[in-house]
Amino acid sequence: MSTLTWVLVGLALYWAILLSARSRGLLPEYVGTQGPIITLHTKRGRVLLDTLARPKRFWRAFSNVGVGIALVVMALSFVFVLFAAVQALYSPETTASAVTEPRNVVIIPGVNDFLPLSAAPHIIVGMLIALVAHEGAHGLLCRVEDIDIESMGVALLAIIPMGAFVEPNQESQERADRGGKTRMFAAGVTANFLVTVLVFALLFGPVAGSIAVAPGAAVGGAFPGSPADQAGISEGDRITAVGGQSVADEGELTDALAEADGQVAVTLADGDDQREVAVEREVSVVEAVESGPSGLGTGDSIATVNGEPVTTETEFREAIGEEPVVTVETGDGEEHTFAAGALSSVVDGPGAEAGMPEGESVVITAVDGERVLDSGELTGVLQGTEPGQTVEIEAVVGGETETYSVELGEHPDGYGQVGINVQPGITGLVLDDLGIQPYPAATYLGFVSGEGGGNFIGAITLALILPIAGIGGFGLPFNFAGFTGFVTNFYVVEGALAPLGSGVFLLANMLFWTGWINLNLGFFNCIPAFPLDGGHILRTSTEAIVSRLPIEGSYELTKTVTVSVGVTMLMGLLLMIFGQGLLA
């Protein structure tokens, strides 16, 4: 059964036990139930809140800043949801994304694609911290504004924190002025954003600074049936040597493989343990575009090129040589003939003006007589040109070799541009003679260290997308769940926190998920719709504006505005989540 099925079965059993305990009166007075949700109520802590609330002027100033932040986030969330809903309505097929799938809306590790089971303990602790900070801030501002509190507590689905709450006395809340209520409603998201800043400052600073990338090429996985897979190389392995030659990173692995022939001895490290495996290399197709050579696809192996046996990618390239059209034989004995070069689709631009067929695919084999085999070589040649320069481009079109004199346009990076979209690999075939999926350990550590964001806000933004990086369309090969599971083999602890050992990974995970969840909870609660904080802030803010207008029926106008915005947000969110399935 799937993880979701097991979760649903577990929840059903949990609910049955909960109903039985409630019917028999076995639940304590401080435990309440709302369906499968249990709420834990307490009146403790009110004295502490009263003590903390004494510098009222400070807390009011602090919350006023929070109101301003909340209003900005509310406006941005409204625009974002509205834009995404319109996109889903008019182009449902282009907006389909794993990010908006219904299962990825629920915050349940193992069900949500972005919240893996390996990170479940850190996620649960992060959620609890976020909820306590959020509701604790509400409670604090209640006392600052002299609003009495009936009780406080948390809501749990089994052991998973689903919410926290502060129950203000309704009569006392109604007596508070409009500004006081607005500050109270904004206090929760303000606290979440503050916690986000604090934990990411710790993560970006001393904690991530004590983590370094371990030497070797990190393996995120092996393609099924590839030489690496057949040799037993799998996710979590770290390649430290090839044929006795040390390998420090992915680049050195590529160089070592290029120098080696056929079978190679590969040294793998798992922590301090090492083992050696023999790999029988073969040229395999690990990625293929639909417009590539017919009959060749992912998983196929190539045995010969123009009758010459090949076992490595280097041999494959050498066997092609200057020939624009090649014949390859697969491991199954099938022959395929195709043009070998950079597979490109021609768009409106200099190439089309020179006669290249706009809207069609061509295979570019040479530029000014220099042979190009793939997208990388084509880009490298063009980077050595200048806008306005005329080049001779040789391309295979419809089986015929053509030559075009193209006056290059200007690429955004300053070099010459043809006006084409280039597919990866050789004629759309990405080849590999080992068959591993490298894990970009240094890239992820850079994001977790706050590097690459340009500033602190940019660094937080990069950290925010890491859990959805691999399936959210951000161009990274894996989602980052933190320093858990096989990922820990790719890093070592050093520096001031080295005595903590693997405890640094635990601390980094706690900070990462606590910051991630606090930021998302703050954004979510800023949505201007009831019963979220954003809906309450929208109402009090609208009341403040409408009360200054020289019109009658201010209550009706306020209600119209808040209900309209709330319904728009609800419909927008539904379209974002379910629109692709309903409209595509």
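The model is predicted. The protein has 16 helices and 26 strands, and buried residues make up 47% of its 584 residues. Among contacts between residues at least 6 apart in sequence, 64% join residues at least 24 apart.

**How helices pack**

*Helix α6 with helix α15*

- Helix α6 covers residues 178–207 and helix α15 covers residues 533–546; the two pack at an angle of about 155°, with their axes 9 Å apart.
- That angle makes α6 roughly antiparallel to α15, because angles over 145 degrees count as roughly antiparallel.
- The crossing in which α6 passes α15 is left-handed.
- On the α6 side, the contact is made by Arg178, Thr182, Phe185, Ala186 and Val189.
- On the α15 side, the residues are Asp533, His536, Ile537, Arg539, Thr540, Glu543 and Ala544.
- Sorted by class, this contact of α6 with α15 has five nonpolar, three polar and four charged residues.

*Helix α6 with helix α14*

- Helix α6 also packs with α14, at an angle of about 150° and with the axes 8 Å apart.
- The pair α6 and α14 is therefore roughly antiparallel.
- Once again the crossing is described for α6, which passes α14 in a left-handed way.
- By class, the contact of α6 with α14 has 17 nonpolar, seven polar and no charged residues.

*Helix α13 with helix α14*

- Helix α13 (residues 456–465) packs with α14 at an angle of about 95°, and their axes are 10 Å apart.
- These two helices are therefore roughly perpendicular to each other, because angles of 65 to 115 degrees count as roughly perpendicular.
- From α13, Ile460, Ala463 and Leu464 meet Phe512, Trp516, Leu519, Asn520 and Phe523 in α14.
- The class count for the contact of α13 with α14 is seven nonpolar, one polar and no charged residues.

**Two residues of helix α14**

- Asparagine 509 is placed in helix α14, which spans residues 503–525.
- With 2% relative accessibility, asparagine 509 counts as buried, because buried means under 20% relative accessible area.
- Leaving aside residues up to four places away in sequence, asparagine 509 touches His122, Gly482, Phe483 and Thr484.
- Glycine 503 is found in helix α14 too, and its 29% relative accessibility counts as partly exposed.
- Glycine 503 and valine 493 are ten residues apart in sequence, and their C-alpha atoms are 9.3 Å apart in space.

**Histidine 336, in a strand**

- Look for histidine 336 in strand β15, which runs over residues 335–339.
- Histidine 336 is buried, with a relative accessible area of 11%.
- A polar atom of the histidine 336 side chain lies 3.3 Å from the backbone oxygen of serine 294.
- Not counting residues up to four places away in sequence, histidine 336 touches Ser294, Gly295, Leu296, Val326, Thr327, Val328 and Thr330.

**Glutamate 315, in helix α9**

- Glutamate 315 belongs to helix α9, residues 313–320.
- Its relative accessibility is 23%, so glutamate 315 counts as partly exposed.
- The side chain of glutamate 315 reaches the backbone nitrogen of threonine 311 at 2.7 Å.
- Setting aside residues up to four places away in sequence, glutamate 315 touches Asp261, Pro309 and Val310.
- Glutamate 315 and valine 283 are 32 residues apart in sequence, with 9.1 Å from C-alpha to C-alpha.

**Proline 215, in a loop**

- Proline 215 lies in the loop between β5 (211–213) and β6 (217–222).
- Proline 215 is exposed, at a relative accessible area of 52%, because exposed means over 50%.
- Beyond residues up to four places away in sequence, proline 215 touches Arg238, Thr240, Val247 and Ala248.
- Proline 215 and phenylalanine 490 are 275 residues apart along the chain, while their C-alpha atoms are separated by 7.9 Å.

Conventions. Residues numbered from 1 in each chain as written. Predicted model: local features only at pLDDT ≥ 70, side-chain atom pairs only at ≥ 80, totals over all residues. Heavy atoms only, no water. Axes fitted to C-alpha atoms, helices over the stretch in contact; angles between N-to-C directions. Helix = DSSP H or I, 4+ residues; strand = E, 2+ residues; numbered from the N terminus. Parallel < 35°, antiparallel > 145°, perpendicular 65-115°, else oblique. Left-handed = near helix turned anticlockwise from the far one by under 90°. Contact = heavy atoms within 4.5 Å. Nonpolar A, V, L, I, M, F, W, Y, C, P; charged D, E, K, R; others polar. Buried < 20%, exposed > 50% of the residue type's maximum accessible area, 1.4 Å probe, protein only. Polar contact = N/O pair within 3.5 Å; in protein donor to acceptor, adjacent residues only side chain to side chain.
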